[in-house]
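Keep the model open while you read.

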Amino acid sequence: MAQSTMLPSLDVWLLVREHPCGPIGTTKTLADALTETYGSRFAVWHTDELLLGVQDGRLFLRTLAGVEVPAPKVVCVRQTPGSMHHDREVTLLRHLERMGATLINPLEAHLTCRNKIWQLQELALAGLPVPDSLSYATSPLDGVVRSPGLEAPCVVKSVNGHGGKQVFLAPDLALLRGVAGSLADDVPFALQQYVAPSHGRDLRVVVVEGEPVGAELRTARDGALASNLARGGSATLCQGRYPEAEALAVRAAQSLGLTIAGVDLLFSATGEHTVCEVNAVPGWRPGMTAVIPAIVACIDGHLDAYRLTNSVKSPAPQRSSPTMRA
C-alpha cells in the first residue's frame, strides 16, 4: 500500500493569518530572525494553508494538497486575538496544542486577551490598577446607557476591538444615548472610566518571559484619544524611564499567562499608572533591539525542555518515531 506524503518534522513555526504577501512589518522581522536562527528547522505557515481533523483515532494536519504536516515543537502565534474566531483560528490553535505543540502565547492566554472584559476580570483579581468599567451580557447598548450610576465623559470601546479601532470618547450622556442605537451590536461594548491626564498618550511596554524588553511613549495625532501607531500616532523609545510602570507591565502579563505581551498603560495625574489593556501579539519599534533576542531565547528554552522531556521518555529517541508526539 502506498504511503501518504509527509513533510519533515520541524522545530519552530511562525503561524500568521492568511495574507497574499506573507508576513509584514514586525512579523516579517521576526520571521527573518527565526529563519537565520533555525534555518531548515523553521517555517512560516498561514492559517488558510492547513486542514485539520481526525483519522483512525489520530489527530492530523494536512496541506490543501493533501500532504500530511507533522506538528512542530513550538508555534509562535502572530495572529491578533481580536480577529480570531472560535470555530476557525482558535480551533486550529487548540488542535496544535492537542498534537503536542507548545504555543507562544498559550491558547488560554490568547482567549483571555481576545476580550477586554476578560482581561479586566483577571487584572482586577490580581490586584492591579484598572479603569472602572461597565459592560453587559444581553441588553442592547441603548438600554445600558440609561442605567443609573453611569458617568460621563467615558471611553466607549468594543470588547474585542484592536489597533485602536471602535474606540471613542463620549463627552456627555446625551451624546452617548443619541449614538447608542446606531452602534453595531454583534459584540458588546465596554464603557470605561476616562483617564483625562492620559488623553492621547500612553506607555507601551513589551514583556518577554517576565522581563521588560522594550518601552515606548505613544502620542496621538491632532488631539485624538487613541495613540495607536495604526491610527496615526507617534512613538518615542523610553525603556528605563518609568521603572514602576515596567514592573506593573510584567505583573499584568503574568496575571494573564502571557509569555510575550504588549502592555498599554495610562498616566494618572499623580504620576502613577493604570493598565489600559494587554496585547498577546504586540508589535515593537525597530529600536527595541532586545525584543527578538528575548523571543529566540524563549523558544530555545522550550526546545530544550522538549528534548529533555522526550529523552526521559525514550532513552534512544528517533526523530521520526511516533512516540515523539502526543
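- The phi of Asp 56 is near 55 degrees, a positive value in a residue other than glycine.
- Asp 56 lies in the loop between β3 (50-55) and β4 (58-63).
- Gln 166 also has phi near 55 degrees, and this residue is not glycine either.
- Gln 166 is partly exposed, at 43% relative accessibility; that class runs between buried, under 20%, and exposed, over 50%.
- Gln 166 sits in the loop between β8 and β9 (167-170).

**Basis of the model**

- This is a predicted model, where local features need pLDDT of at least 70, side-chain atom pairs count only at pLDDT 80 or more, and totals for chains, interfaces and linings use all residues.
- Residues are numbered from 1 along each chain as its sequence is written, and side-chain values use heavy atoms, leaving out hydrogens and water.
- Helices (H or I, at least four residues) and strands (E, at least two) are DSSP runs, numbered from the N terminus.

**Cis peptide bonds**

- Ile 104 and Asn 105 are joined by a cis peptide bond, with omega about 5 degrees.
- Asn 105 falls in the loop between β6 (102-104) and α3 (107-114).
- Another cis bond runs from Ala 152 to Pro 153, where omega is near 5 degrees.
- Pro 153 belongs to the loop between α5 (141-144) and β8 (154-158).

Technical notes. Buried means under 20% relative accessible area, exposed over 50%, partly exposed in between (1.4 Å probe, protein chains only).
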